[in-house]
Amino acid sequence: MLHLGTLVDLLAAAPYVSGEDLAEQLGVTRTAVWKQVGILRKLGYQITAHPRRGYHLVGRPDKLYPWEVRKDLATQRIGKTIEYYDELPSTNRRAKEIVGTVPEGTVVLAETQLNGRGRLGRSWFSPPGTGIWLSLILHPSFSPVELPKLNLLAAAALSRAVHTTLGFRPLVKWPNDLYYQDRKLSGILTEAGGELGRLEYVILGVGINVNQKNSDFPAELRTKAGSLRMMSGRLVDRRQLFCGFLQIFEEEYFYALAQGFERSLAYCREYTATLGRPVEVDNGQRVYRGKAVAIAEDGALIIEAGGERSRVVAGDVQPLTDHCSCWKEESDELATKTEAD
Ligand code: BTN
């Protein structure tokens, strides 16, 4: 079976390559080469054919094809297996279907999601070709209580990858979003399975807004969401960012398995969009209002109000921007928990 990636590499190795040479190097017939070139064209590769000189690779599509991504991926485990789709309902959903049959570190990737899922039952806007929509399958050896820290670790890894690739550092909004200039650039949806305090699997679903223009977002997101392109003022190489993220994630993940999460937590505390701000946190059962003062060792967010501290392990954080300027004076009032209202 002829690998498309090998054919692309051979085409890229010289300005022109004859069908005969390709057939010989690949050990197939010239007709097989011609058919595969046709497939590459359908996949978006621009390939011209000259009667005497042969095939010429003019351009590659902006797609995250596994053979394109793998060239730059220097990881040992994470992303060594990539399931790539042009279109999926949701990469997390697909990851759940295959979780028992693929190695740890497998990544499900789609150019677009028709039913991308966000946290707390929300949907996630996943248009074709402009973002990175991926789900990473893990089998961590720790207990489910460590999951909040894994989310933070992933957010920290992505923030670092953006910094390396683009030179600016998105801030981590607890529990795992990335923000820059008050716009949400990325979100993470973690889904886990197991029993009796044991994690069988974790699916880490990561959505990154990469090359959207502001007008590409639906009206209701236009003032809240942002993309890396909007922040950096240039088109971003999705392949480079994808590889950078997986590399840093791998480094941090295996470090945390051996040494604990403190290093990632320290990053999230330093580059935070949450700490020091008056916030409202809804954990589904209760709404907390107060000042976000710390991320605890277990990844919980500590909210202080009226001299009392509360721990929140999961939830949705909203900044209380209206109260920012008068936070000190009003802190007691803000301490009121909604359930007591
Ligand atoms: C959030 O609500 O902030 C989390 C968004 C997570 C979106 C990603 S995109 C890839 C993966 N597949 C999904 O359906 N959702 C996650």
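Strand S10 (residues 278-282) and strand S11 (residues 287-295) run antiparallel and are joined by 5 bridges. Strands here are DSSP runs of E of at least two residues, helices are runs of H or I of at least four, and both are numbered from the N terminus. Two strands count as paired if DSSP finds at least two bridges between them. This is a predicted model, in which local features need pLDDT of at least 70 and side-chain atom pairs count only at pLDDT 80 or more, while totals for chains, interfaces and linings use all residues. Residues are numbered from 1 along each chain as its sequence is written.

Two of the bridges can be followed by residue. Val-281 has Tyr-288 of S11 as its bridge partner, and Asp-282 is bridged to Val-287 of S11. The hairpin of S10 and S11 has 4 residues between the strands, and Gly-284 takes a positive phi near 95° there.

S11 also pairs with strand S12 (residues 301-305), through 4 bridges and again antiparallel. Ile-295 has Leu-301 of S12 as its bridge partner. In this hairpin 5 residues lie between S11 and S12, and Gly-299 in the turn has a positive phi of about 90°.

These strands belong to an open sheet of 5 strands, in the order S13-S12-S11-S10-S14, with antiparallel pairing. Strand S13 (308-312) and strand S14 (316-319) are at the edges; each has a single partner strand, so one side of each is left without a neighbour in the sheet. On average, neighbouring strands of the sheet are turned by 45° against each other, direction ignored. Strands of a sheet pair through backbone hydrogen bonds, either parallel or antiparallel.

Next comes a pair of helices. Helix H6 (residues 147-166) and helix H9 (residues 262-270) have axes that come within 9 Å and cross at roughly 65°. Axes are lines fitted to C-alpha atoms, for helices over the stretch in contact, with angles from 0 to 180 degrees between N-to-C directions. The crossing of H6 and H9 is left-handed, that is, the near helix is turned anticlockwise from the far one by less than a right angle, whereas clockwise would be right-handed. H6 contributes Lys-149, Leu-152, Leu-153, Ala-155 and Ala-156 to the contact, and H9 contributes Ser-264, Leu-265, Tyr-267 and Cys-268. Two residues are in contact if their C-beta atoms, placed from the backbone, lie within 7 Å. By class, the contact has 7 nonpolar, 1 polar and 1 charged residues. Ala, Val, Leu, Ile, Met, Phe, Trp, Tyr, Cys and Pro count as nonpolar, Asp, Glu, Lys and Arg as charged, and the others, Gly among them, as polar.

The ligand has 21 residues around it, of which Ser-90, Gly-118, Gly-187, Gly-205 and Gly-207 come nearest. A residue is near a molecule or strand if its C-beta atom, placed from the backbone, lies within 6 Å of it. Helix H5 (91-98) and strands S5 (131-138), S8 (183-195) and S9 (198-209) each supply at least two residues of this shell. By class, the shell divides into 6 nonpolar, 11 polar and 4 charged residues.

Gln-46 lies in strand S1 (residues 46-50). With 12 other C-beta atoms within 10 Å, Gln-46 is exposed. A residue is buried at 20 or more such atoms, exposed at 12 or fewer, and partly exposed in between, with C-beta atoms placed from the backbone and counted within 10 Å. Leaving out residues up to four places away in sequence, Gln-46 touches Val-58 and Gly-59.

Taken as a whole, the protein has 10 helices and 14 strands, and 40% of its 341 residues count as buried.
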